[in-house]
Structure formats: structure tokens, C-alpha cells
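Some terms used for a structure rest on cut-offs.

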Amino acid sequence: MKNRLTRNWIVVGIIWAGALTMTYLNLQMIQQIKTEQESIEFMQMDDVFLKNNFEKVIQVLKRRASLHKPIDSIQIELLSIENRLRSLAQKKGLSEIRLASDQTAMQGDRIPLEMYVTSTYRDLVFWLRALETDAPFLVVTGVKMTENKDGEGYRFQVGIDFRFSVAEDENGSA
Amino acid sequence: MLKTKNSGITVVHGDTLFFVSYAGEAMQVDHAVSLNLFLEDDYAASSIPAVVRGRKNRLLVVPDYWIGQTNLTLQSQKRSIVVPFVERKLASEHPELPDIGLFFDYAFSKEPSEPGNISAFFLQDPLSFKLYQKLTTLDIAPMDITIPAYVWGKKLEKLHPELVDSGSGLIQKLSSACHLYFYHKGRFLFSRSIQFSDSAGEDTETLDALTYEINQSFYLFSQKEKADLEHIFIHSSRKEDAADLAESLGRKIHSLDIDDGGNAPNQEMTEMLGPCGVFTPKDLSPVRKYMAVAQKDHARAREWRPVQISGAIIGILLFLVLGGEHFFLLKWAKQDPGIENAGIMAGQSSRETIQQYNEALDLILQETRRPSSWKTMKDVVSCLPENVRVQEMELLVAENPNLSLTCVVRAEDMAKFRSSLSMLLENLGNTFTTSPRLGKRDIELGEILPGQGYTDYPIQFELRL
């Protein structure tokens, strides 16, 4: 009789264990559905945000894109950049232009360049301004100025970071 | 309940054990065996018919003297206190019956005049324990154990409810014996069995013997209860018995009319099973309406049974409801997967765009926070008084933006120098508002170079941008 009592308790226990397991599974599923719904709601909110701020988002993305120059080959691009810098410097009246780049010092998406020029203070400021406008991917990191020995003009050492992004080919690989 | 196919009862009458079942209202004996033979160790289950072996033994009816009664006094009516108390009392009163604690029950007395408030009843015949053990071994242990007196008591109470408050007696006359039952205020007091001798052929002799025994019992009743026996009933197949006994005893005797639904007790069955032979399934079922003893574990199992059944039913219902909920959730989670996936795809695309937008904003903000080189240089120049010439400058705008400036202040005297220096600091403070304001103590003065009518004061300072 004791066995029957125990057996009955075991049966009741199994039934309740099943009910509790089902409760746990349901809670899990509710949590999962809730998470998915929240995710969908967030996505919908993202959609609404994008629709309402489409122009602004595009502008920001374009601005961001302009901060990195897409390139195929670093060496070829460096040559092009050097020419561009030289040309702009000459245009702004800078002289004794010398450029140095060190690809080994490349840090992630940027290559440090050093440019040495002789110029007046005023011309250099104009050149720097033109550089910021024309080539936002060339970021001036520092300017060191020393007075020429003859007291005429200054010698400048300008540190520039060339920011680039490796362009993806047609297959989508970098 | 007793009419169900898979249940039956066992009856001990004389020295025979009967396995009985009910076919409708009619009683039938499926198997009968000598009690002594049944209790022998080598009596195996195979000796019992399969029909008996496979069914539930709901009740064991034993002779009246197999169950004893005692009155106990205890203030508490809590079962958790009463049960151990009764168990302890019985064990101490009957040390020769070690299993007595397993086979007892109790009822609270309704009468305050009674000697104890608890009426305990228990198996007291050693044979009863052996029989239960044997039945258990053969897997036909009875669920309850009772005596004909208890069943008769309830039957009388049902037929004549007015007897509950008085003393009453019942004479059950069979062909070979007569059973006397005495009750007071619904409580069974004692019973007697009078066997008719085979030689007592004459009715008058039997009647005389019966009258004598009944009178003795009346006297005993009066002695025990200090009260008169108010009602006497007789149950007999012979209708004249009531009148004969009334005349012989000199008092009124009521014939007990039993509504047996048209099924008069089988005479043969009545003689075979004794007092139990007249009971119908209605009399014996449900057991809880009359007093009966259940084995302790069995009683506990029965006590918990409603809880277990309720628990199981609620659990199953809960499981079904939760299963339904689970099914509903599954269906909900999987509905319109195409649309949902399309939404997710579109959403993912939007999310990527938003992520790119956030990254772009971070980068642009970073760019905006970084001081512009040309603006800084322009601002520095605009801060310099006319008599200050820049000799060296180092501008860092990438990390930890900083401006280091070496200048020469050309002044006629110290006062003019001081004035120029103050103007320079003032201008710098006004222009570079986000930078810590410089004071004169932040200016390093170099070697003073005197000239003709003027003095060059080399100065150097650093400004955190």
C-alpha cells in the first residue's frame, strides 16, 4: 500500500513536472517572441528614421565617405597625392617643397606624410585652408614652424595623415 | 461500487472464508475455503480461482468478536494528536498484539454522558492479523474490515432514525443460529450469537432457549447502560417468530421490514454466510457510512487519495492549458514567415545604414572636435600685438592638441613689455575660450637682448587647445 501511495505521488509529480516544464518552455518562447518583436519594432523605427531623415543621412554618409579616399593601390595613390599636394602648394605660393612618406608607418587606414615647405605665414594658412576644403581625406596632424635664418619667411614642416579606404572590386572582395 | 465487475468482498463465517461478489443485487459465493486451510503456509494463490485473484477486495466482514471497542478520554480532537494517543493506549492495553496499532480507527462520542469522548475500535483477534497478512500475500488484501454489527447498526439507523436517541436491540434469527445486537444512542454495545443445537427439533425448545438468552442479554444491557431497552426488532424469515417471541418475552417486538427492492435474501446464502447473507450491496457500500477498520498504510493512502486525484487532475488540466498556449505561441511565432522575413531583411538593411550613419556621425564629431590647423594659426596671429614676432611654432592637432610658441616682444621699456604681454594673454584668453586661460606665470622669459632704443624680450609658452 505504501508502494501504491508512493507510486501515485510519483505520477502526480511527473504530471506537475510536465506542467512546470511547459510553463518554462512557454516563458522562454514568450521571451523569444518579445525579443523578436522588439527587434522588429526597432527596425521599423530605423526605417521611419531613415525615411524622415533621408537627406541628412545621405549628407552625413557622403561627408564620411569624403574623409577616406577609396584607393586601388597605395603606391600609385601616394604618387597622385604627392602631385596634388605639390600642385596646390605651388598654386598658393609655397616653395622648396619636399614630401616624404613612410608606408611602413601606416596605421590602419592612414599613412603619415611629412611635407616641408618654405612660405610666409599667411600663404601657409591659405594653403592649409585650401587643403582642408579640397582634400578632406588629407588631415593635418601638426605644423612646425621655424624662422628662416635670414628673417625672411618661415620653414614649415607639416604632418599630414592620408586616410584611405581600399575600394571593393566588382566581386565585392577588397 | 461493490457491483463493479472487478470487486468483491470476503466474509469470515464460522471457520470458513468466503469470497463473495454481487451480480446486480444478488450475492454469489465465488469461492469458499476453510480458514485453517487458507492460513496454512502452503496455501498458494493458485488455489484461488482466477476471478477472485484478479479483483479488488473491497471489504472483509469478520465475526463481531474479532473487533474490540474501548472508550478513551482526550481533550484534543486533532487527528495528529488523537491517532498516536489511541495507538499508544491500545499497544499498552494489548501487548500480546504487536500489530494492533496498524488496525484501528476511532470516532468521537456524541454523548457527553459517555465514559470517554473517543470510541476506539480495533482488531483484537490474533486470527484477524494472520488473515490480513495472508490476504496481502495473495495480493487480495481488503481495503476495509468490519463486522455485521456495525452494518446492522447503520441499517437500523436508516430504517428507524428515531432510534438514534434510545436503546435498541435486534434479533436476527437464522435457521441454525440467532444473533443478538444491542445499540444505545446509535452506538454498538455488544452482540451475542446463539447456536441452535441439531437436537433441538422442537420449536418450543428453541424458543425457550432463545427467550432465556435474550433475557440475559437484556439484563446485561441494563447493567451496562443503566437504561431500558426501548425497542426490540426481529429479522427472521419466519413471520410468526415476532409474535412468538413477544409473547414469550412479554414485551413488544417489531418485525424489521427491509426494503430489499424485491430481491429477498437467498435462504441458502443467508445460512452459508450467516448474518452477512442478508446484506445488499447498498448496505455495504460505501464503507464510510458505517464503522470499519482499515490497515494504517491503506488508510493513509485513502486519506491522500483525494489530494492525489485533485493534484493529478489540476496538473493535467494545467498541462493541457499550457500545451494549448505553447501550440498557440508556436503558431504565432511562425505565422507569415515570408512577410516577417522580408521585414527583417529590410530592417537589417536599415539597421546597417543606421549603423553606418552612427559611425559616420562619430567620425565627423571627432573631426569637428579636432582643432583646425589653419584656423588655429590664423587665430594665433590675430592675438599677437604688433610688437610681437613669432620665431618658432609647433602646433599639434591630432592627439592632445597643443600649441607651443616662441616669440620676441620688442618694447622700449619694461612697462611696454608688460603691457604687450598682458594684451597677448588677454587676446589668447578671449580667442581660445575652451583652453585653460594663461597667466604671466605660464610665460617663460628668455635672454633679454637690448637694442638701440628698444629691448627684445624672448618669450615662450604652451597653450593646450
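**Terms and their grounds**

Q: Which residues are buried in helix 4 of chain A?
A: In this predicted model, the buried residues of helix 4 of chain A are A:Leu124, A:Val125, A:Trp127, A:Leu128 and A:Leu131. The term requires 20 or more other C-beta atoms within 10 Å of the residue's own.

Q: Why are the buried residues of helix 4 of chain A said to line one face?
A: Viewed down the axis of helix 4 of chain A, the buried residues fall within an arc of 160°, so they line one face of the helix. An α-helix has 3.6 residues a turn, so residues three or four places apart point the same way.

Q: What does the face of helix 4 of chain A turned away from the buried side carry?
A: That face carries A:Thr133 and A:Asp134, which are exposed. The exposed class takes residues with 12 or fewer such C-beta neighbours.

Q: What covers the buried residues of helix 4 of chain A?
A: The cover includes helix 3 (74–91), strand 3 (110–119), strand 4 and strand 5 (154–166) of chain A. Helix 12 (373–383) of chain B is also included.

Q: How do you know that the length of helix 4 of chain A agrees with its number of residues?
A: At 1.5 Å a residue, its 14 residues should span 20 Å, and the end C-alpha atoms are 20 Å apart, so the two agree.

Q: What makes strand 4 of chain A and strand 14 of chain B a pair?
A: Pairing needs at least two bridges, and these strands have five, in the antiparallel sense. Within strand 14 of chain B, B:Leu395 stands opposite A:Val143.

Q: How many residues of chain A and of chain B are in contact with the other chain?
A: In chain A there are 44 residues in contact with 49 residues of chain B. Helix 1 of chain A supplies 24 residues, the largest share of the side of chain A that touches chain B. By class, that side has 27 nonpolar, seven polar and ten charged residues.

Q: Why is B:Ile100 called partly exposed?
A: B:Ile100 has 19 C-beta neighbours inside 10 Å. Buried begins at 20 and exposed ends at 12, so a count in between is partly exposed, and B:Ile100 is therefore placed in that class.

Q: Where is B:Ile100, and which residues is it in contact with, leaving aside neighbours within four places in sequence?
A: B:Ile100 lies in the loop between helix 3 (79–93) and strand 6 (104–108) of chain B. Its contacts, with those neighbours left aside, are B:Leu90, B:Ala91, B:His94, B:Phe122 and B:Leu123.

Conventions: Residues numbered from 1 in each chain as written. Chains lettered and ligands numbered in written order. Predicted model: local features only at pLDDT ≥ 70, side-chain atom pairs only at ≥ 80, totals over all residues. Contact = placed C-beta atoms within 7 Å. Helix = DSSP H or I, 4+ residues; strand = E, 2+ residues; numbered from the N terminus. Nonpolar A, V, L, I, M, F, W, Y, C, P; charged D, E, K, R; others polar. Expected span 1.5 Å × (residues − 1). Arc of directions from axis to C-beta.
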